[in-house]
Amino acid sequence: MAKSRLGVIGGSGLYDLPGLANPRWEHVPTPWGEPSDLLHFGELDGLEMVFLPRHGRGHRIPPTEIDYRANIDALKRVGVTDVVSISACGSFRDELSPGTFVLVDQFIDRTFAREKSFFGTGCVAHVSFAHPVSPGLADLVEAAAQAEDIPVRRGGTYLVMEGPQFSTLAESHLYRSWGCDVIGMTNMPEAKLAREAELCYATVAMVTDYDCWHPDHGDVDVPSILRTVADNGEKARRLIARLARDFPREHPPCPIGSDLALETAIITPPDARDPDLLKKLDAVAGRVLGV
Ligand SMILES: CSC[C@H]1O[C@H](OP(=O)(O)O)[C@H](O)[C@@H]1O
Ligand SMILES: Nc1ncnc2[nH]cnc12
């Protein structure tokens, strides 16, 4: 079994992870481009941690422009085994009020202007993705929340929109009618790429607003989102600290095989593969390509 190394991707309002021992920010170049920022390395209770602010410190990068491939490749390249995403999101349900943490287990991807795969012409792969969240990792996050008395709702569907504008009222009603629970702009293609890179992935969706559908609440705006994240940031950091404390030091096999996702995914035979693409896949797919 591999040694566990926990990656945390911080969303809006979460640009650092205080309390790391031996903290250092390091540049990790990738064949796909630049990650959103330097990676923040350190240990929590002896567990190796790597934090990456998704939008960069200073929130410089909008959702569409984030190089999701570079971010996931960089985390994989430095030995991360599990990724927890912390994300601000709007709510489509009365009972999911601002401040609620939702461990989503499904996504609907409505983004259309992003690179969504490490693979392509010269090496084609199709990973299974019916269950985009790794249940073992979600179990650990849920247990950490319970140990800290932080209420979490287990399960839910996160609609990923392109943005950067928030939804129209008609869109908000449409997504509600589809049975979606929360909405954000970033977890796709992040979750797809994590699966291709054989990383276990789970999201803590932090409800910050009721989008624009709720008759008793005003339309979402940035100041109210940031206020709610600020009010709940301490809870999120406590959750991560407890998760690190209790995290198995040897990476447990994923019950749905997220960590072996490429085992049967690559369809292009070795003699038809593009050597240049294979070089770029060294970190993500080195295990199965032998590059
Ligand atoms: C700052 S409001 C909209 C912004 O917040 C969410 O980001 P993240 O998922 O990184 O927390 C949402 O997806 C938008 O990118
Ligand atoms: N209502 C909303 N729509 C899209 N992204 C969000 N992030 C936080 N709230 C959001």
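This is a predicted model: local features need pLDDT of at least 70, side-chain atom pairs count only at pLDDT 80 or more; totals for chains, interfaces and linings use all residues.
**Ligand 1**

Let's start with ligand 1. Its surroundings are made up of Gly11, Ser12, Arg54, His55, Pro63, Ser87, Ala88, Phe166, Gly184, Met185, Thr186 and Ile225.

**Ligand 2**

Now for ligand 2, which has 13 residues around it. The closest are Cys89, Gly90, Thr208, Asp209 and Asp211. For ligand 2, the table pairs a nitrogen atom with Gly90, with Asp209 and with Asp211.

| Residue and part | Ligand and atom | Distance |
|---|---|---|
| Gly90, backbone | ligand 2, nitrogen | 3.3 Å |
| Asp209, side chain | ligand 2, nitrogen | 2.7 Å |
| Asp211, side chain | ligand 2, nitrogen | 2.8 Å |

Next, find helix H1 (residues 68-77) and helix H4 (residues 187-196). Their axes come within 9 Å and cross at roughly 40°. Angles under 35 degrees would count as roughly parallel, and 65 to 115 as roughly perpendicular, so H1 and H4 are oblique to each other. Their crossing is right-handed.

Which residues of H1 and H4 meet? On the H1 side they are Tyr68, Arg69 and Ile72, and on the H4 side Met188, Pro189, Glu190, Leu193 and Ala194. Sorted by class, this contact has 6 nonpolar and 2 charged residues, with no polar ones.

Methods: Residues are numbered from 1 along each chain as its sequence is written. Chains are lettered from A and ligands numbered from 1 in the order in which they are written. Side-chain values use heavy atoms; hydrogens and water are left out. Axes are lines fitted to C-alpha atoms, for helices over the stretch in contact, and angles run from 0 to 180 degrees between N-to-C directions. Helices (H or I, at least four residues) and strands (E, at least two) are DSSP runs, numbered from the N terminus. Angles under 35 degrees count as roughly parallel, over 145 as roughly antiparallel, 65 to 115 as roughly perpendicular and the rest as oblique. A crossing is left-handed if the near helix is turned anticlockwise from the far one by less than a right angle, and right-handed if clockwise. Contact means heavy atoms within 4.5 Å. Ala, Val, Leu, Ile, Met, Phe, Trp, Tyr, Cys and Pro count as nonpolar, Asp, Glu, Lys and Arg as charged, and the others, Gly among them, as polar. A residue is near a molecule or strand if one of its heavy atoms lies within 4 Å of it. A polar contact is a pair of N or O atoms within 3.5 Å; within protein, one must be able to donate a hydrogen and the other to accept it, and residues adjacent in sequence count only if both atoms are side-chain atoms.
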